[in-house]
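Welcome! Please take a look at the structure below, and then follow this short tour of it.

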Amino acid sequence: MVIEPIINGVIARSAHPYGCQQAVRNQIDYVKKAAPIINGPKRVLILGASSGFGLASRIALTFGGSDADTLGVSFERGPSDKGIGTAGWYNNIFFRQEAERAGRIATNIVGDAFSPAVRRQVIDAIQADLGGQVDLVVYSLATGVRPKPEATNTAPDMWRSVIKTLGQPVTGPTLNLERDTMEMLTVGTASEQEAAETVKVMGGEDWTDWIACLADAGVLAPGCRTVAYSYVGSPLTYPIYHQGTLGQAKKHLHHSADEINQRLADIGGQAHVAVCKALVTKASVFIPAFAPYILALFKVMKAKGCHEGCIEQMQRMFATKFYPDNAVETDGERLIRMDDWELAQDVQREVAELMVQINENNFAELGDYAGYKQDFLQLNGFAYDEVDYSQPVSVNILTKMQP
Ligand code: NAI
Ligand code: NA
């Protein structure tokens with residue numbers, strides 16, 4: 001079977017297994033050559049390990065100088081009669097292969113990180129595979145839904161996150177990656193219930209619960225750290241992000257870091273939030289009215305030679321802000337600022353100038369649409385020069401591979 005990219009709007013409906021393998025390999029190659037992580041952790045749990053910042057963290061920590069053994073949790077689908085499976089499924093498989101070849105342990109747990117069953121599985125796997133304790137917990141889940149704790153299989157009940165504003169509605173251009181067009185879209189104001197549910201799904205409550213559960217089980221090593229990822233962005237996008245529902249959830253996440261930090265004090269541990277750069281990931285393409293900003297940002301940062309992807313962000317964070325000496329480098333609010341280059345004055349000034357010129361007719365010339373689209377395709381294993389996409393892949397072989 002030959003696999004073609006299938007895109008519906010901003011949703012990719014297919015993934016290329018060997019392109020995902022290439023993506024993992026390219027990231028490994030990058031961190032092997034980059035400035036190394038010194039004094040890094042040896043045993044790491046990553047929640048949300050199969051794509052985006054979570055996968056990049058895992059690769060950086062295993063191959064970027066720290067030689068970590070890892071346990072990765074993700075929610076992904078393998079091959080079935082519904083299709084070839086998700087990109088994250090293959091990222092897990094090929095990461096584990098590469099890690100094991102390098103003599104590292106890389107255990108994958110595929111299941112719902114919100115469920116008590118997966119929490120138990122994780123504790124068991126830390127005991128069985130990682131010698132009983134971890135030195136770092138990376139919390140990198142991104143999802144639109146979280147089951148309520150009282151939900152059962154017969155009565156599933158979910159909180160749902162929405163991407164809406166909290167003040168006035170915002171109208172702005174959004175990309176359609178299927179048609180290569182930019183279309184105007186109005187984002188409405190969230191109801192109180194929608195805003196509260198978004199905090200439940202994307203705020204820090206589940207992170208806090210996870211750390212409490214791991215601490216109670218005694219699987220956090222003395223000095224254990226934990227980090228979760230956030231976005232603040234530029235005043236240019238505050239109406240849709242920072243001052244919207246997602247921004248409110250992130251503020252909750254930031255408060256949770258302080259609470260968890262206190263809780264970890266008795267084992268000499270620490271909790272931090274890292275504020276990252278705007279990037280194309282499976283989660284971020286859904287943010288409406290964000291397109292002109294990110295197209296201008298990529299154009300400006302690439303021209304200045306300071307553009308980064310997930311892997312560059314994570315390697316730089318662990319190598320220069322998290323582990324070089326014992327003090328984590330933060331701003332006055334205890335946040336690790338990986339958006340430092342994005343928010344640099346000259347970058348923001350040029351982005352602001354470019355953004356106002358971008359419209360539905362010229363976005364591909366003025367903005368970095370080609371780069372954005374390539375990143376989007378590569379998330380699912382497409383658009384790699386090294387892969388021959390005309391070659392059929394064997395579903396039989398893929399079905400035998402286990403995460
Ligand atoms: P992603 O969509 O690439 O990764 C999400 C991960 O969570 C995947 O491994 C997925 O399998 C896992 N996951 C989702 N639901 C799950 C569940 N129920 N159980 C187990 N695993 C589950 O997302 P991305 O972009 O890497 O986001 C990670 C964090 O980084 C989020 O907090 C996001 O807000 C933040 N961030 C993202 C930025 C961006 O531009 N993409 C910028 C700054 C922060
Ligand atoms: Na992730």
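How many bridges join strand 6 (residues 134-139) to strand 11? Five bridges join these two strands, which run parallel. This is a predicted model, in which local features need pLDDT of at least 70 and side-chain atom pairs count only at pLDDT 80 or more, while totals for chains, interfaces and linings use all residues. Residues are numbered from 1 along each chain as its sequence is written, and chains are lettered from A and ligands numbered from 1 in the order in which they are written.

- Seven strands make an open sheet in the order 5-4-3-6-11-12-13, with parallel pairing. Strands here are DSSP runs of E with at least two residues, helices are runs of H or I with at least four, and both are numbered from the N terminus.
- Strand 5 (106-110) and strand 13 (335-337) are the edge strands, each pairing on one side only. Two strands pair if DSSP finds at least two bridges between them.
- From one strand to the next, the twist averages 20 degrees. Axes are lines fitted to C-alpha atoms, for helices over the stretch in contact, and angles run from 0 to 180 degrees between N-to-C directions.
- Strand 12 and strand 13 run parallel and share three bridges; here V275 stands opposite R337.
- Strand 11 is largely enclosed by the rest of the structure, because nine of its eleven residues are buried. A residue is buried if 20 or more other C-beta atoms, placed from the backbone, lie within 10 Å of its own, exposed if 12 or fewer, and partly exposed in between.

**A hairpin**

- Seven bridges link strand 9 (residues 170-176) to strand 10 (residues 181-187), and this pair runs antiparallel.
- G172 stands opposite L185 in strand 10.
- The two strands form a hairpin with four residues between them, and D180 in the turn has a positive phi of about 55 degrees.

**Helix 7**

- The 20 residues of helix 7 (residues 245-264) should span 28 Å at 1.5 Å a residue, and the end C-alpha atoms are 29 Å apart, which agrees. The expected span is 1.5 Å times one less than the number of residues.
- Buried residues of helix 7 include T245, L246, K250, L253 and I260.
- The buried residues of this helix pack against helix 5 (192-202), helix 6 (205-216), strand 11 and strand 12 (270-275). Contact means that two C-beta atoms, placed from the backbone, lie within 7 Å.

**Around ligand 1**

- Of the 29 residues around ligand 1, G48, G52, A113, Y229 and T281 come nearest. A residue is near a molecule if its C-beta atom, placed from the backbone, lies within 6 Å of it.
- Helix 2 (52-63), strand 4 (69-74) and strand 11 (220-230) each supply at least two residues of this shell, and helix 2 gives the most, with three.

**Two positive phi angles in loops**

- Most residues other than glycine have a negative phi.
- R334, which is not a glycine, has a positive phi of about 65 degrees and is found in the loop between helix 9 (310-322) and strand 13.
- A383 has a positive phi near 70 degrees, in the loop between helix 12 (369-379) and helix 13 (395-400).
- R334 counts as partly exposed because it has 15 C-beta neighbours inside 10 Å, and A383 is partly exposed with 17 other C-beta atoms within 10 Å.
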